[in-house]
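This briefing concerns a single protein chain and is arranged by topic. Please consult the sequence and the model shown below while reading.

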Amino acid sequence: MTRKMELPQCPVEIALTLMGDKWKVLIVRDLLTGTKRFGELRKSLTGISQKVLTQHLRIMEENGLVNREVFAEVPPRVEYSLTDLGRSLKLILDVMWQWGEEYKAKMAE
């Protein structure tokens, strides 16, 4: 982490502090499939504004979840990917996916 923050005592609260936002979870979901450019992320996250996406990516980078790589090109190219720590969230997203599928099936009965 590049920014030192005071973390809550409860591990669940730590996870919610870092990921307790719909957009952050969906950013991780999209980056789990590989490196993406800003425009690709914005396009796949229907309804997110450029400002909110930028803010979330910066916070996630500060918290050690996302890598940001800038290429010295004209126009500049910026790519985002998950760090090892960010990729470790896959287990949580897999469980959320499974729960969502089961919930959807129950509600369709």
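The largest pocket holds about 290 Å³ of space. A pocket here is an open set of points, on a 1 Å grid over the protein atoms alone, where a 1.4 Å probe fits, with protein on both sides within 12 Å along at least five of seven lines. Grid points are joined across faces, edges and corners, and a volume is the space filled by probe spheres set on the points. The model is predicted: local features need pLDDT of at least 70 and side-chain atom pairs count only at pLDDT 80 or more, whereas totals for chains, interfaces and linings use all residues. Residues are numbered from 1 along each chain as its sequence is written, and side-chain values use heavy atoms, with hydrogens and water left out.

**Largest pocket**

- The lining, meaning residues with an atom within 4 Å of a point, consists of Val25, Leu26, Arg29, Leu32, Lys90, Leu93, Asp94, Met96, Trp97, Gly100, Glu101 and Lys104.
- Two or more lining residues come from each of the elements α2 (22-31) and α6 (90-108), and α6 gives the most, with eight residues.
- Helices (H or I, at least four residues) and strands (E, at least two) are DSSP runs, numbered from the N terminus.
- By class, six residues of this lining are nonpolar, one is polar and five are charged.
- Ala, Val, Leu, Ile, Met, Phe, Trp, Tyr, Cys and Pro count as nonpolar; Asp, Glu, Lys and Arg count as charged; the others, Gly among them, count as polar.

**Second largest pocket**

- The second largest pocket has a volume of about 190 Å³.
- Twelve residues line the second largest pocket, and Leu18, Leu65, Leu85, Ser88 and Leu89 are the closest to its centre.
- Helix α1 (residues 11-19) gives the most to this lining, with four residues.
- The lining of the second largest pocket has ten nonpolar, two polar and no charged residues.

**Sheet**

- Three strands form an open sheet in the order β1-β3-β2, with antiparallel pairing; two strands pair if DSSP finds at least two bridges between them.
- The edge strands, β1 (36-37) and β2 (66-71), each pair on one side only.
- β1 pairs with strand β3 (residues 77-82) over two bridges, and Arg37 stands opposite Glu79 in β3.
- β2 and β3 pair over six bridges and form a hairpin with five residues between them; Phe71 stands opposite Arg77 in β3.

**Chain as a whole**

- The protein chain has six helices and three strands, which follow the pattern α-α-β-α-α-β-β-α-α along the sequence.
- Its C-alpha atoms fill a box of roughly 55 × 35 × 25 Å, taken along the principal axes.
- Of the 109 residues in the protein chain, 30% are buried.
- The protein chain exposes about 7,800 Å², of which carbon and sulfur atoms supply 57%; accessible areas come from the Shrake-Rupley method with a 1.4 Å probe, and for residues only the protein chains shown count as cover.
- Among contacts (heavy atoms within 4.5 Å) between residues at least 6 apart in sequence, 47% join residues at least 24 apart.

**Ile59**

- Ile59 is located in helix α4 (residues 50-62) and is partly exposed, with a relative accessible area of 29%.
- The C-alpha atoms of Ile59 and Ala108 are separated by 38 Å, the two residues being 49 residues apart along the chain.

Note on methods:
Buried means under 20% relative accessible area, exposed over 50%, partly exposed in between (1.4 Å probe, protein chains only).
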